[in-house]
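Visitor: I'd like a quick tour of this one. Can we start with the surface and then look at a few loops?

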Amino acid sequence: LVNAKQARRLLDRIVGYKLSPFLWKKLARGLSAGRVQSVALRIICEREREIKNFKSEKYYSIEAVFKTGDGREFPAVLYKINDKALEPLELKDADKAKELVKQIGKNSFLIFRVGRKEIIKRPLPPFTTSTLAQEAFKRLRFSAKATMVVAQKLYEGIDLGGQRVGLITYMRTDSTYLNPGAVSDARNYIEKKIGKDFLPPSPVFYKTKSKLAQEAHEAVRPTSTEHDPESVKKYLTSQEFRLYDLIFRRFVACQMKNAVLDEMIVETTSRDEGGFSFRSRGLRKKFEGFQKIWPVKTAETELPEVKEKEPVKIKEVSDLEHETQPPARYSDAS
């Protein structure tokens, strides 16, 4: 620890002592640019150069709508020509795209393959400082600074009708560790309030990804599930309630069962010359699992029940123009 402190001090002297006076001269006195700010500035500058040097390219995709014998319709995207897969940016010529649309329109089609599989979505680990700041920005539009100020208040304690209670554990942590008592508390809450169907047979434990994590603290979690967000809402400000609700739901969700999605892939192939193959992807929720209290946006698409070798008609086909986009500037979260 002493060596780590000395290394930080040394870096501040090499970087900060030279950079800070430059800021005082150009911007305002008292600004600091040490080992952290200078690296953040470099990352932002590198991204800005990427955006500046980016040259956008136009490319095309071919999309169609097919119709079954009994009139049900489903969309599909061209992904193979003569058994050769189309690369994402391969179709760059507008005339070639229009020519393909004409050729495809002349073909008759049948269902070549119908595939099904289950997709398992696992719950996310409980919050660390950084994941809390990112999620609060994405879901609540809180700045990182606002998140930490509100979290500090929830940690220090809220007056719940004459009794001061710390609602969350310490919010400066890089660990996803949960103590067994907290895990047992979450499991009891799930069984009583959400339902036995959502409770996995055994507790879920998470490994901290960073090898440098100083696991002196637990993950950010509520101190007790007895203080559920609705029961303490009247004692909290709007910001405090929204952040506490986020922390509470993420903690409970991490001990729930996986969500299960049903995926259906339909491949439609031309029977005439050209060898055009289209692909459709259907997705629907089979079991909500942890998403019951931690909603995740999933674009559900229902495909009609079709059989292999079943003939289908092409209702419409079109070429869509797309353009590659430069990398985005950083948001507070990213």
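What follows is a short chat about surface patches and some loop residues.

Guide: Ground rules. This is a predicted model, where local features need pLDDT of at least 70, side-chain atom pairs count only at pLDDT 80 or more, and totals for chains, interfaces and linings use all residues. Residues are numbered from 1 along each chain as its sequence is written, and side-chain values use heavy atoms, with hydrogens and water left out.

Visitor: Which residues make the nonpolar surface patch?

Guide: Val39, Ile43, Ile44 and Tyr330 make it, at about 340 Å². Patch members have over 30% relative accessible area and no salt bridge; nonpolar side chains (Val, Leu, Ile, Met, Phe, Trp, Tyr) are joined within 5 Å, like charges within 9 Å. A salt bridge puts a side-chain nitrogen of Lys or Arg within 4 Å of a carboxyl oxygen of Asp or Glu. Areas are Shrake-Rupley with a 1.4 Å probe, and for residues only the protein chains shown count as cover.

Visitor: Where is isoleucine 43?

Guide: In helix α2, residues 37-53. Helices (H or I, at least four residues) and strands (E, at least two) are DSSP runs, numbered from the N terminus.

Visitor: Why does isoleucine 43 count as partly exposed?

Guide: Because its relative accessibility is 39%. Buried is under 20%, exposed is over 50%, and partly exposed is in between (1.4 Å probe, protein chains only).

Visitor: Which residues gather in the patch of positive charge?

Guide: Lys5, Arg8, Arg9 and Arg13. Lys and Arg count as positive, Asp and Glu as negative; His and the chain ends are not counted. A charge is placed at NZ of Lys, CZ of Arg, CG of Asp or CD of Glu. Lysine 5 is in helix α1, residues 2-26. Lysine 5 is partly exposed, because its relative accessible area is 42%.

Visitor: New topic. What does glutamate 300 touch?

Guide: Leu283, Arg284 and Lys285, leaving out residues up to four places away in sequence. Contact means heavy atoms within 4.5 Å. Glutamate 300 lies in the loop between β8 (276-287) and β9 (311-323).

Visitor: And what is phi of asparagine 82?

Guide: Near 50°, a positive value in a residue other than glycine. Asparagine 82 sits in the loop between β2 (73-81) and β3 (84-85). At 56% relative accessibility, asparagine 82 counts as exposed.

Visitor: What about phi of arginine 141?

Guide: Near 60°, positive, and again the residue is not glycine. Arginine 141 is in the loop between α4 (129-140) and α5 (144-156). Arginine 141 counts as exposed, because its relative accessibility is 58%.
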